[in-house]
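Colleague: I've got a model open and I'd like to learn how to read its side chains. Can you walk me through a few features?

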Amino acid sequence: QVRLVESGGGFVQAGGSLKLSCAASGNIFRINDMGWYRQAPGKQRELVATITSGGTTNIADSVKGRFTISRDNVKNTVYLQMNSLKPEDTAVYYCIADVQARYKSYQNYWGQGTQVTVSS
C-alpha cells in the first residue's frame with residue numbers, strides 16, 4: 001500500500017549530469033528519512049546519500065561535492081542531482097524511504113531501481 005516510483009536514470013557521458021526523482025505514494029502518514037543506494041554488478045549495495053525530514057543531509061565520500069540530495073515534503077519526493085559523473089558511478093540506483101503508514105509503525109520501503117550508465 002506504499003510504493004516508491006523512481007525516474008530519471010539513463011545514459012550519459014563522463015562529466016555529464018542526471019537528476020533522479022523518487023515519489024512515494026499510498027497510505028502514508030509520515031515519512032522520516034529518505035535516501036539513495038546504488039549497486040553495481042558484482043558489488044555490494046552502497047549508501048549514496050540520505051536526508052532527514054528536517055533537511056539534514058549525509059553524502060558518501062565517493063560522491064561528495066558532485067551529488068546533492070533534496071526533498072519536497074509536499075510531493076513526498078526525494079531527488080538526487082548528479083553532476084560530474086564518472087564511469088564508476090554506473091550502477092542501479094535505489095530509492096529508500098522510512099515511511100509510517102496510517103495505523104502502523106515506521107517501515108523501510110524501496111523503489112524498483114533505475115539504471116545509470118556513464119560512458120568514458
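Predicted model: local features only at pLDDT ≥ 70, side-chain atom pairs only at ≥ 80, totals over all residues.

Colleague: Let's start with Arg71. Which side chain of opposite charge is nearest to it, and how far away is it?

Modeller: That's Asp33, 5.6 Å away. A salt bridge needs a nitrogen and a carboxyl oxygen within 4 Å, and Arg71, though buried, has none.

Colleague: Then which backbone oxygens do I find by its side chain?

Modeller: Two to check: the Arg71 side chain reaches the backbone oxygen of Asn32 at 2.8 Å, and one of its polar atoms lies 3.0 Å from the backbone oxygen of Thr52. Arg71 itself belongs to strand 7, residues 67-72. Beyond its neighbours within four places in sequence, its contacts include Ile31, Met34, Ile51 and Tyr79.

Colleague: On to rings. How many aromatic pairs are there?

Modeller: A ring pair is described by the distance of the centres and the angle of the planes. Here the count is one aromatic pair. The centres of Tyr37 and Trp110 are 5.2 Å apart with the planes at 50°, so we call the pair tilted. Tyr37 is in strand 4 (residues 28-39) and Trp110 in strand 10 (residues 106-110), so the pair ties together parts 73 residues apart in sequence.

Colleague: Is Trp110 buried, partly exposed or exposed?

Modeller: Partly exposed, at 34% relative accessibility.

Colleague: And which charged residues sit over rings?

Modeller: Take Arg45, which lies over the face of Tyr37, 5.0 Å from the ring centre. Then there's Lys19, whose charged end sits over the ring of Tyr79, 4.8 Å from its centre.

Key. Residues numbered from 1 in each chain as written. Heavy atoms only, no water. Helix = DSSP H or I, 4+ residues; strand = E, 2+ residues; numbered from the N terminus. Buried < 20%, exposed > 50% of the residue type's maximum accessible area, 1.4 Å probe, protein only. Lys, Arg positive; Asp, Glu negative; His and termini not counted. Polar contact = N/O pair within 3.5 Å; in protein donor to acceptor, adjacent residues only side chain to side chain. Contact = heavy atoms within 4.5 Å. Phe/Tyr/Trp six-rings, centres within 6.5 Å; stacked < 30°, edge-to-face > 60°. Lys NZ or Arg CZ within 6 Å of the ring centre and 35° of its normal.
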